[in-house]
Amino acid sequence: MARHTFARTALAALSAATLFALGACSSEPPSSGDDTGSGDGGDELISVGFSQVGAESGWRSANTMSIKDALTEENGFELSFSDAQQKQENQISAIRNYIAQGVDVIAFSPVVETGWDPVLEEAKAAGIPVVLTDRAVETTIEDAYVSFIGSDFVEEGRRSGEWAVEQYDGEGYKVVELQGTTGSAPAIDRQQGFADAIAGSDLEIIDSQTGDFTRDGGKKVMEGFLTAHDDIDLVFAHNDDMGLGAVEAIEAAGMKPGEDIKIITIDGVKDGMQALADGKFNYIVECNPLLGPDLAEIIKATVAGEPVEERIVTHDEAFDQEAAKEALPDRQY
Ligand code: AHR
């Protein structure tokens with residue numbers, strides 16, 4: 001089954017507002033757009049059901065806040081929000097509830113990639129447009145969703161691996177990997193991007209396990225790695241929280257994170273950036289969680305029958321220790 005994802009395009013850094021003018025992917029017929037309740041003069045609010053993955057990380061908290069701040073009544077929305085606690089069955093039942101309620105639009109960030117076809121088919125049969133945020137799904141359903149907004153996770157893994165090769169190739173570094181949630185798009189894609197980037201170098205991944213994107217999970221897995229291996233040089237953590245858990249485990253083992261064992265992570269939340277500025281992390285590839293404003297624009301355009309771009313890739317930066325010191329004072333999340 002082919003993954004229903006789309007190639008990165010030159011549109012990556014453009015705002016969603018610009019993209020709507022360029023895209024031609026919606027199957028919705030054009031409408032006047034006057035009665036969408038979009039806050040532009042219409043009376044009715046747009047009802048949105050949003051199923052969030054959970055509250056597993058600092059990134060997720062920032063993402064939830066961004067969505068809630070954007071989908072407000074003042075901005076023309078009536079938001080029903082649910083937290084799935086990292087369980088697919090909770091997301092499926094939340095989406096079924098939104099279908100039963102007859103909301104105008106369903107949006108969700110899928111905890112894992114597979115297993116969505118039945119519920120996506122039900123939403124389609126009910127005529128409710130679906131927008132994916134943050135994570136991709138694998139689906140065989142045609143036109144299962146109108147748009148997918150989020151980062152390019154393969155690229156994030158690749159940039160992490162490229163930096164590791166630039167810094168450490170030739171040193172014979174032994175690498176351990178703290179993977180995100182098993183079966184999730186960011187775990188699959190970041191692992192692939194990193195592995196591709198270090199192929200051909202003398203960096204070697206000696207162990208790789210899931211820490212489920214949590215600080216506690218990262219700490220426990222790192223403790224196990226430190227017991228099993230006495231030659232770890234570098235940790236590649238799929239998010240800041242697991243990297244911060246690894247810092248705790250490394251310090252408890254009497255070593256200096258960032259020096260005795262180097263750490264590369266993905267996200268760029270404040271706690272991660274602080275660890276980088278403090279010399280406990282070595283590099284962070286950003287994953288931008290502030291998806292709310294673009295999601296709001298996508299929903300408004302969808303309800304108005306305007307075309308929307310089917311894949312919108314958010315712009316991500318990368319930081320070394322000096323760049324983190326500069327960026328920290330202005331960091332929003
Ligand atoms: O899907 C995005 C990932 O999910 C973030 O990198 C991680 O922190 C979160 O849990």
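Biologist: Which residue in strand 3 does G49 stand opposite?

Modeller: Please keep in mind throughout that this is a predicted model. In it, G49 stands opposite I106 in strand 3. The pairing to which this belongs is between strand 1, residues 46–52, and strand 3, residues 105–108, which run in the parallel sense and are joined over four bridges. Strands of a sheet pair through backbone hydrogen bonds, either parallel or antiparallel.

Helix 2, which spans residues 58–70, packs on the sheet and touches strand 1 and strand 2, and its direction makes about 175° with that of strand 1. Helix 10, residues 292–303, also packs on the sheet, and its contacts take in strand 1, strand 2, strand 3, strand 4 (130–133), strand 5 (147–150) and strand 11, with a direction at about 135° to that of strand 1.

Seen as a whole, this open sheet has six strands in the order 2-1-3-4-5-11, with parallel pairing. Its edges are strand 2 (77–83) and strand 11 (311–313), each of which pairs on one side only, and the twist from one strand to the next averages 15°.

There is another open sheet of six strands, this one in the order 7-6-8-9-10-12 and with mixed pairing. Here the edge strands are strand 7 and strand 12 (318–319), and each of them pairs on one side only. Strand 8, residues 234–237, and strand 9, residues 262–267, pair in the parallel sense over three bridges, and within that pair F236 stands opposite I264 in strand 9. Helix 5, residues 153–168, packs on this sheet, touching strand 8, strand 9, strand 10 (283–286) and strand 12, and its direction makes about 160° with that of strand 9. Helix 8, residues 240–252, likewise packs on the sheet, where it touches strand 6, strand 8, strand 9 and strand 10 at about 155° to the direction of strand 9.

At the other end of the strand order, strand 6 (residues 174–179) and strand 7 (residues 204–210) run parallel and are joined by six bridges, with V176 standing opposite D207 in strand 7.

An N or O atom in the side chain of E56 is 2.5 Å from an oxygen atom of the ligand, while for the side chain of R135 the corresponding distance to a ligand oxygen is 2.8 Å. A polar side-chain atom of D267, in turn, lies 2.6 Å from an oxygen atom of the ligand. On its own the ligand has 280 Å² of accessible area, and the protein covers 100% of it.

Conventions
Residues numbered from 1 in each chain as written. Predicted model: local features only at pLDDT ≥ 70, side-chain atom pairs only at ≥ 80, totals over all residues. Heavy atoms only, no water. Pairing = 2+ DSSP bridges. Helix = DSSP H or I, 4+ residues; strand = E, 2+ residues; numbered from the N terminus. Axes fitted to C-alpha atoms, helices over the stretch in contact; angles between N-to-C directions. Contact = heavy atoms within 4.5 Å. Polar contact = N/O pair within 3.5 Å; in protein donor to acceptor, adjacent residues only side chain to side chain. Areas by Shrake-Rupley, 256 points an atom, 1.4 Å probe, with all protein chains shown as cover.
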